[in-house]
Structures are given as C-alpha cells and as structure tokens.
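Please look over the sequence and the model shown here before reading the report.

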Amino acid sequence: MSYTDFLRQYGDRFWDGTLITAQQFLLASLLAIAIALLAGLMKLSRNRLIRGIAVVYIEIFRGTSLLVQLYWIFFVLPLFGLTLAKFTAGFVAVGMNLGAYGAELVRGGIQSVPKGQWEAAYALSMSPARRMWRIILPQAFVNMLPPWGNLLIELLKNTALVALISVSDLMFEAKQINGTTFLSAQTFGTALIIYYVLARFIVTPFMRWLERVMRRKLGRA
Amino acid sequence: MGFNWNWAFTWEILPKLLHATLNTLMAAGFGYAIALVLGMVFALAQRTPYWALTKVVREVVEFIRSTPLILQIFFVYYVGPQFGLKLGPWTAGMIAIGLHYSAYLSEVYRGGLESVAKGQWEACTALNLSTRDTYLRIVIPQAIPPALAGMGNYLVGIFKDTPMLSVIGVAELMHTANAIGSSSYRYLEPYTLVGIIFLAISLPTAALIRVFEGYVRRKLGLK
C-alpha cells in the first residue's frame, strides 16, 4: 500500500485522534494553569499550613511519574468511591501533574516582580488582593510566559499517555492502526509528524504571539 | 477489592517491586549514559563550520523534543521488525529514551558551551592548541559546571519517564505493578507503593544533585 493510499484509508482516524488530543490538551492546560496559580500563590503564603499543603502537592506530583499518577487516578481512586470516566481521568492527571511544575513557575514569576512595585501598591493603600491581581500578577505573567511555552509543549506530549487508559487520542489511534496494518513506520511516523506540527506550528507560535501582545499591553514592547 | 489497605499483601508484593526497582534504576542509568554521550555529539555537531549539518541536527533535536517519548518508544520498537531488524524491548527502550534525553541534554550542553568566555577561545588560538585540545582541555571542562543543574534535572526526569518502557514489556516497576494488579485485581497497594518508591528515590536524588552541584562549583572556584 502506498503512503497516499494509507492516508486516504486512515486519515479520518488520525484526524479524530488529533481532535481528542486537542481537547485533552486544552482541558489539561486550563486545569494546569488554575492549579499552578493556586499552588504557586499558596507556596508564597505566610501561613505555614497553607504553604505546607502546596509543598506536599508539588513534591508528590513532581516526584513521581505521570504514568503512576494516571494509573492511580484511574484504577485506585474508584476504590475510594471516586470514579472518573477515562476521558476525565486523562486530562485531570495530566493537568494536575503539569500544574505542579507550573506552580514553581508562578512562584518564580511573582518573586521576579521588583520589590518597589509591592511597596508602591502598599503606599497607594491597595488591598492585598487588589495589589496581587492588578499590579503583581500581570507583571509576573509576562515574566513567566516563555517558560510556560515550554511547559505547554511538555503538556501536549504528555497527553499521549492517556492512550494507555484507552482514551482514543492520536496515540491510541496510531496504536490501533498499527495493530491492524502492521505498517509501523507509516503509522507512528504520521502520528509523530502530527504531534510535531501541533507543537511547532500551533502551540509555539501562539505563545510567541501572546508574549508579544502582553509585552505591548504592559508597555514593554 | 475495596479501599482497605492489606498489609499482608503489601509484604508479599514488596520484594517483587523492589527487585523491579533495580531494573528501573538500570534502565534510567543506561538511558542516561547514552543521552550524556549522544547529547554532547548533538551539541558539538551544531558548532561545526558546516552550515547544513548544523541546520539538520538543529531540526532533529527540535523534532525529538516536540514529540511524545511514548510514541518514540513505540516507533523504535515496532519499526525495526518491519524492515527485518528485530530489537528486544530493552534495546529498543534504551535507544528511544537515550535518544529522547540526548536532545534535551544537547540543549543543556549548548547553553554551557555558549557560556564559556570568548577570551578562552582566543587564548587557545593564541597558544596554537588544536581544536581537539581546545574542546577537551579548555572549553568542555568550563562548560560542564553551568550545565550541571540542567543535567541533574534530566537525570531525575529520565528516572521518572522509565515507567513508559512498560508499554513494550521492559520489566521495570510499572510493568511489575501492572502484572500484580491484573493477576490479583488489587490496584491500591501496587500503584501506591510504586508512587512511594518513586518519591523515595527522586526526592533525595534531587537534593543530592544540588549538593553535588555546589561542591563542583566550589572545587572549580566558581560562585
């Protein structure tokens, strides 16, 4: 079978898989950003208990493998009465894992905002919440965008693991097609190229664009 | 079945899991050794005067870094037989994980190499050192300390990625836990223990790497 025939026959399934991968990526990204923000702020808290919770969360999720976390969430959580559908379990595991890495970026980003900014906000008698939301976070956000670009690429790659709990993403479809055709080079090669295109020509340019827009908004262009 | 922790079962499976931990460590060690060497090759290949070589290696590194490791593992394992080259799970796994991390390490090395002051290169030229001596005796020794932090992170990273090798049947921790789970229908203990074993190894390793990094920097008189 020529490669064009192969694509004609299996193109639809690659496309379906890519759509599921895209959904997993978007949902996991949103979750990761929310968790990173929360855990990152908690780690900067003055309250020991709050800081402790964030540290434990971050260390557990950064200290073990995503695959272990994924299996734990999918196979063990139901024993505690919390059963997640495989699709949900997939993006929740990926989001929680990358959120722990993101929390360190948030913490670093906030700490990189010059001290004068904090003092100025204090002098203007802003409330702590308002100071964080209006003054500190926007500047921290711009500072941490470049590493977030890398993190989102990692996240995209990690969504491939959800195939192991049978979420029918791109990786899963590739495995299935390989199982029936045994055309491994074509199948896995095509999937590799699709992931590459998603990372290099969609996620990366989007992050670059966001960096430019945000810098302009803060008058740093 | 159930959420009650079974200690008798725990003691029964723990030796098996600890034995599999050795395989996990071995996989991480081999994979890292490959990555350390190949990463340097990738980094140096991007510094040759041959424009095309630099460009090609750059793209290869980008490609490896932007695609999932799990897919690369499948690719290496299954594509060989299609062309008559049968690789065992260990060989295929080590090639895939070694190649994947060599792309990451080449970036770390590249940063290190670029941080070597220009005067060092000029001094080597002035002393008429060969390219080989310049790299081996002057540049690389100075490029390594700033790269140590990144190198250490990827050592822990490769260790945490070894569970992916279970998909092609490398008998490491995750593979063993899966086997225990599917034969006993108990998932709580094996998966939780795997998590604890990973934490027990990766957290102290990360701390040790920090200490080692500080030690090397002090030894070399760097701050």
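Predicted model: local features only at pLDDT ≥ 70, side-chain atom pairs only at ≥ 80, totals over all residues.

Residues are numbered from 1 along each chain as its sequence is written, and chains are lettered from A, with ligands numbered from 1, in the order in which they are written.

Chain B has eight helices and zero strands, where helices (H or I, at least four residues) and strands (E, at least two) are DSSP runs, numbered from the N terminus. Its C-alpha trace spans about 75 × 50 × 25 Å along the principal axes.

According to an unreviewed UniProt entry, the annotation "transmembrane region" covers residues 20–42, 63–80 and 191–212 of chain B; such annotations may be inferred rather than shown by experiment, and the positions are in the numbering used here, with feature names shortened. Two of these spans are tabulated.

| Span of chain B | Helix | Strand | End C-alpha separation |
|---|---|---|---|
| residues 63–80 | 89% helix | 0% strand | 20 Å |
| residues 191–212 | 100% helix | 0% strand | 31 Å |

Between the chains, 30 residues of chain A are in contact with 31 residues of chain B, a contact being two residues whose C-beta atoms, placed from the backbone, lie within 7 Å. On the side of chain A that touches chain B, α8(A) gives the most, with nine residues.
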